[in-house]
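These are my notebook entries on a structure that I consulted for the first time. I set down what I looked up, entry by entry.

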Amino acid sequence: MSFKTIIEPFRIKSVEPISMTTEKQRKKLLSQANNNLFLLDAEHVIIDLLTDSGTSAMSAEQWAGIMRGDESYAGAKSWKRMKAVISDLTTYDNVIPTHQGRAGENILYSMLGGKGKVFISNTHFDTTRANIEYSGATAIDCVIKEGKSPEVIHPFKGNMDVELLEKNIVKYGAKNIGAVILTVTNNSGGGQPVSMENAKAVQKVCKKHKVRYFLDCCRIAENAYFIGEREEGYANKDYKQIAQEMFSLADGAVMSAKKDGLVNMGGFIALKDKKLADSCTNTLIIKEGFVTYGGLSGRDMEAIAIGLVEVFDRDYLNYRIKSTTYLGEKLSELGVAVILPIGGHAVYVDAKSFYNHIPVEQFPGQALACDLYLKGGIRACEIGSVMFGKYEKSGKLIPASMELVRLAIPRRVYTQSHIDYVIEVFEQLIKEKEKSKGFEITCEPEFLRHFTAHFKRVD
Ligand SMILES: *Cc1c(COP(=O)(O)O)cnc(C)c1O
């Protein structure tokens with residue numbers, strides 16, 4: 001017997017109150033924040049879907065682990081526990097603890113990068129690209145063409161275009177390739193999964209040309225779930241075993257544990273090659289900390305060790321992905337254009353289509369994100385021309401390729417009724433669609449403007 005209602009496979013032991021606000025109060029609060037949702041106080045948000053990073057709820061076991069955390073400077077028990085869990089999962093012997101994902105990227109890619117080096121990925125995540133480019137190297141994205149069109153249905157839209165990968169390796173010369181990085185799931189591409197078949201094909205090309213092959217494995221458990229659901233031969237496999245198989249194909253991995261580690265802070269590098277790991281360790285000691293804690297406290301390491309086991313639980317993953325899909329499919333049924341199929345950690349709404357009367361120069365994504373807040377106290381993230389738009393010399397906006405609003409779902413934080421509430425807020429917004437107006441930017445910094453820019457409604 002299977003039921004259509006998705007229930008959370010956990011009971012709630014500790015609660016954090018949400019402070020409810022009225023539409024009138026939110027109007028004032030948003031205006032005080034200059035219509036930038038990053039400038040709002042979190043306590044004034046009802047449902048916070050800004051990011052799934054570092055926003056997970058920890059389990060009773062993890063909180064118990066926090067108490068057990070061994071804070072010894074060297075050789076702590078918590079380090080040994082975390083290392084054992086990561087070595088078992090990744091199949092790699094060498095583990096380097098970092099305070100979050102980007103610290104690991106910085107250590108590994110600054111060593112393998114530098115001027116003249118090239119990195120190839122399905123899609124480099126922002127911080128991955130930034131660390132590579134900061135070293136002087138070049139980052140090239142080679143996702144399959146289906147991964148670039150929001151409406152095309154494909155079971156593994158995060159896959160690498162293997163032919164294009166090989167072409168690029170030949171073009172730049174294998175000795176100039178810093179590494180090939182497979183991002184699972186493909187965050188920037190909408191949390192779309194990568195198939196095992198694709199991971200194997202990438203391995204084959206990397207082996208043939210003798211180039212290094214790493215996983216950016218922030219959402220490896222969610223990716224394993226999709227493989228179990230969609231790829232032939234994996235239906236009855238354990239999700240951890242699927243992940244282990246994928247790890248075994250690569251030479252190493254970098255993880256931000258703030259995603260599938262189910263913790264609020266943490267990360268690691270794990271590598272097959274001891275020599276490479278030893279070089280990373282030297283940098284680790286200068287930049288993060290001693291080898292048995294890196295950028296982490298003992299309690300963090302304990303929580304990661306437990307989170308990395310819990311995340312592969314069948315019932316958890318089933319609830320996690322089904323709940324995200326439920327939100328996306330319900331919105332789609334209401335006629336809201338979303339990126340399909342729905343990915344693992346977020347639903348991406350096409351704001352250009354939702355507010356098709358607002359020109360891209362007036363940021364339809366910003367308008368939708370602000371309206372979600374005004375109407376329902378929901379905080380989402382614009383991923384469009386506010387985040388990625390550039391200017392011509394004349395000052396004219398060069399828009400981003402898409403105007404999206406991302407509803408990222410924190411892990412184990414919100415219940416089905418919270419999700420139903422989000423759907424209801426969309427129902428209301430649909431009714432008043434034509435009345436919404438766009439925005440202009442009144443002040444902006446030179447870099448990463450979406451974090452601090454100020455906006456004004458166009459009359
Ligand atoms: C979050 C993320 C990172 C960076 O990790 P931080 O912990 O935020 O530094 C790298 N790659 C991917 C795919 C991510 O989602």
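Entry 1, burial and overall form. I began with burial and found that 57% of the 459 residues of the protein chain count as buried. I note that the model is a predicted one. I then looked up the secondary structure, which comes to 16 helices and 16 strands. The radius of gyration is 22 Å, close to the 23 Å that the globule rule gives for 459 residues, so the chain is as compact as a globular protein of that length. I recorded a span of about 60 × 55 × 45 Å for the C-alpha trace along its principal axes. For contacts between residues at least 6 apart in sequence, I found that 71% join residues at least 24 apart. The accessible surface comes to about 20600 Å², and 53% of this belongs to carbon and sulfur atoms.

I asked how many residues of helix α8 (residues 220–230) are buried. I found 9 of the 11 to be buried, so the helix is largely enclosed by the rest of the structure. Among the buried residues of α8 I listed Glu222, Asn223, Tyr225 and Phe226. I next looked up what these buried residues pack against, and the partners are α7 (196–209), β6 (213–216), α9 (239–249) and α12.

Entry 3, cavities. I counted 3 cavities of 30 Å³ or more. The largest cavity has a volume of about 80 Å³. I found Asn36, Leu37, Phe38, His450 and Phe455 among the residues of its lining. Helix α14 (364–376) and strand β11 (381–383) each supply at least two residues of that lining. By class, I recorded 7 nonpolar, 3 polar and 1 charged residue there.

The second largest cavity has a volume of about 60 Å³. Its lining includes Tyr319, Arg320 and Ser323, and also Arg411, Arg412 and Tyr414. Which element gives the most to this lining? I found that it is helix α12 (residues 314–333), with 3 residues. The lining has 5 nonpolar, 1 polar and 3 charged residues.

I turned to the second largest pocket, whose volume is about 480 Å³. Of the 18 residues that line this pocket, Glu23, Lys27, Asp371, Leu374 and Arg457 lie nearest its centre. I noted that α1 (23–32) supplies the largest share of the lining, 5 residues, and that α1 and α14 each supply at least two. In this lining I recorded 10 charged residues, beside 5 nonpolar and 3 polar.

I found a cis peptide bond from Val184 to Thr185, with omega near -20°; Thr185 lies in the loop between β5 (177–183) and α7. The bond from Leu340 to Pro341 is also cis, with omega near -15°, and Pro341 is in the loop between α12 and β9 (346–350).

I then looked up positive phi values. Thr91, which is not a glycine, has a phi of about 75° and is placed in the loop between α3 (77–90) and β2 (94–98). Leu262, likewise not a glycine, has a phi of about 55° and sits in the loop between β7 (252–256) and β8 (267–271). Is each of these two residues buried or partly exposed? I found Thr91 to be partly exposed at 37% relative accessibility, whereas Leu262 is buried, with a relative accessible area of 0%.

Technical notes:
Residues numbered from 1 in each chain as written. Predicted model: local features only at pLDDT ≥ 70, side-chain atom pairs only at ≥ 80, totals over all residues. Heavy atoms only, no water. 1 Å grid on protein atoms, 1.4 Å probe; cavity = no way out; pocket = protein on both sides within 12 Å on 5 of 7 lines; lining within 4 Å. Points joined across faces, edges and corners; volume = space filled by probe spheres on them. Helix = DSSP H or I, 4+ residues; strand = E, 2+ residues; numbered from the N terminus. Nonpolar A, V, L, I, M, F, W, Y, C, P; charged D, E, K, R; others polar. Rg over C-alpha atoms; globule rule 2.2 N^0.38 Å. Buried < 20%, exposed > 50% of the residue type's maximum accessible area, 1.4 Å probe, protein only. Contact = heavy atoms within 4.5 Å. Areas by Shrake-Rupley, 256 points an atom, 1.4 Å probe, with all protein chains shown as cover.
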